Amino acid sequence: MDRTNYPVNLLLVDDQIANLEVIASALDGQGINVYVCSAPKQAWKQCVDHQITIALIDVHMPEIDGYELLAMIKGHPLTSHILVVLITGRSMMSNDIIKGLDLGAVDYLFKPLDLYILNAKVKSLVSLIRYQLEVEESRANKENFLANMSHEIRTPLNSIIGLIYMLRNTNLDSEQSELLGLMNYTSTTLLGIVNDVLESSKIDAGKMRISLAKTNTHSLIKNVCEMLAPLATEKRLALNYKVADDVPVDLLADGLRLNQVLLNLINNAIKFTEAGSVNVNVKKLERRGDRVLLLFTVADTGIGIPAAAIKSIFERFEQVEDRSWQQFGGTGLGLSIVKKIIELMAGTFEIDSKVGHGTEFNFKIWFTLAQEMPAGLPVSKGDALPEFEQIRLLLVDDNMINLRFVKAILEKWKIKVDLAKNGEEAFEKVKNNCYDVLLMDIHMPVMGGYETTRKIRSELKSPKSYVPVICFSASITENEKFMALEAGVNDFIGKPFEPADLHEKISALVVHRKSVNESSINVV
């Protein structure tokens, strides 16, 4: 797209109308929208009304001077992005000039105005703004592309993982169980690659966030190692893990991100080790009140990393330029994401490696002890999850395989399940039936998840309009999440998902709704 197609709005603020007319006339050939304001008190409102991106403000004005207006503009989130140039006389002292720059002005123009300099400075700012707009549009397009690709890849991948889950609950001999474990690892690896690409995009956009929740660290280490065990077994490697007895079980942590870090590190260790072992250890180094410092170590007996290459392996798409490394392949994303996540957790990361002997990755993070909290229904991370009582759920998805395996999981928990293939069909079923929960895909033909939720909230009467909605999708961008929450979605779950996570979300919403209903009955 031609950068000149990006609109730029400029506001001139001066109490002298003659000055406004001269400057506006001088800027006529810039190809921008110029607005004028001779009443400083109205300037901020005009900034908002006209979506101003550049403001030229005279310093000496009655009622409100240029500094006050500048502070007002920079101090409000709706206008803080505006590039402000102050206009003043040549006799101004250095301290006054510094004052304006400290408040957020980007430049000064001095009277009497040189119209050539005026046009040159405005042209430079316009170019900068149009470049920023182009970058933002490109970033948004990239995010949408990755979200769509993620959805297209994760949807069939979710079906594969779901079918593996169903097969695990059938009678299998030892060979079949082993093959199923390898299938599970392969699908999990593919999912990890997709996640790495998306996480890389989030890092670019500055949207990666750490979400703390009660996390069982002992179970997390065990689950990660058991997930990767088939790969180690296939290479005849020993995969050992140990969590020290004095490491607290429940901590406030971002379990998803911590899991991602360990998966990447252990997977790399297995990949670059041809003989010997991979050892995972967690130790408590220090405790201060309700906070503990943990040391995580992933050590292997692999090929090692040359000292000159250690720094470069944390750069995205970079790998060691050595044939012994390149034969193992990979995207070059994993370690860069690991480093970023650890930094976001305020942790430190170290590597000790010797070529031909192996590599040891260490990272330290402070965690807060998790307080005991009352739960809705007891949830186990294993396969045997408790059954629900008298729960009716509407499952909405346009993918028939997803419908089949999710329905099988829900029915195993004694949930009565009705099915719908799109949002329009779901709306009619909610209108004519009573459900305790809706589990609905976001991306569907005819009508998507958040459009359906909005229609239920706005067009149906209570209590049907308040039915809890969980949206699940192979990709949920920040914009989609905002739109869904605005429409009235209660919670989200990704694809693929862990059955225990879904169980926990359903439990929380059902318990909350029952408590609200009981409170309403007591009030009546």
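Start at helix α10, residues 334-344, and select Glu 343 and Lys 339: these two are four residues apart in the helix, which means that about one helical turn separates them. Keep in mind throughout that the model is predicted.

**Stop 1: helix α10**

Show the side chains of Glu 343 and Lys 339. They meet in a salt bridge, with 2.7 Å from N to O. Glu 343 has a relative accessibility of 42% and counts as partly exposed. Lys 339 is also partly exposed, at 33%.

Stay on the helix and select Ile 337, which lies in α10 as well. Is Ile 337 buried or exposed? Its relative accessibility is 0%, so Ile 337 counts as buried. Ile 337 and Asn 264 are 73 residues apart in sequence, and their C-alpha atoms are 8.9 Å apart in space.

**Stop 2: two further salt bridges**

The whole structure contains eleven salt bridges. One of them joins Glu 274 to Lys 235, with 3.3 Å between the closest N and O atoms. Which parts of the chain does this pair tie together? Glu 274 sits in the loop between α8 (255-271) and β9 (277-288), and Lys 235 sits in the loop between α7 (217-234) and β7 (238-243), so the bridge connects parts that are 39 residues apart in sequence. Lys 235 is partly exposed, at 23% relative accessibility.

Next select Glu 286 and Arg 288. Their salt bridge has its closest N and O atoms 2.6 Å apart. Glu 286 is partly exposed, with a relative accessible area of 30%, whereas Arg 288 counts as exposed at 53%.

**Stop 3: a negative patch**

Select Asp 173, Glu 175, Glu 178 and Glu 234, and show the surface. Together these residues form a negative surface patch. Glu 175 belongs to helix α6, residues 174-205. Why does Glu 175 count as exposed? Its relative accessibility is 55%, and the cut-off for exposed is over 50%.

**Stop 4: aromatic pairs**

Turn now to the rings. The structure holds five aromatic pairs. Among them is the pair of Phe 349 and Phe 361, which is tilted, with ring centres 6.0 Å apart and 35 degrees between the planes. This pair links distant parts of the chain: Phe 349 is in strand β11 (residues 348-354) and Phe 361 is in strand β12 (residues 358-369), twelve residues apart. Phe 361 is buried, with a relative accessible area of 5%.

Then select Phe 388 and Trp 413. Their ring centres are 6.4 Å apart and their planes are at 55 degrees, so this pair is tilted. Where do the two residues lie? Phe 388 is in the loop between β12 and β13 (392-396), while Trp 413 is in the loop between α11 (400-412) and β14 (416-420). The pair thus links distant parts of the chain, 25 residues apart. Both Phe 388 and Trp 413 are buried.

Conventions
Residues are numbered from 1 along each chain as its sequence is written. This is a predicted model: local features need pLDDT of at least 70, side-chain atom pairs count only at pLDDT 80 or more; totals for chains, interfaces and linings use all residues. Side-chain values use heavy atoms; hydrogens and water are left out. Patches are made of residues with over 30% relative accessible area and no salt bridge: like charges are joined within 9 Å, nonpolar side chains (Val, Leu, Ile, Met, Phe, Trp, Tyr) within 5 Å. Accessible areas come from the Shrake-Rupley method with a 1.4 Å probe; for residues, only the protein chains shown count as cover. A salt bridge is a side-chain nitrogen of Lys or Arg within 4 Å of a carboxyl oxygen of Asp or Glu. Lys and Arg count as positive and Asp and Glu as negative; His and the chain ends are not counted. The place of a charge is taken as NZ of Lys, CZ of Arg, CG of Asp or CD of Glu. Buried means under 20% relative accessible area, exposed over 50%, partly exposed in between (1.4 Å probe, protein chains only). Rings of Phe, Tyr and Trp (its six-membered ring) pair if their centres lie within 6.5 Å; planes under 30 degrees apart count as stacked, over 60 as edge-to-face and the rest as tilted.
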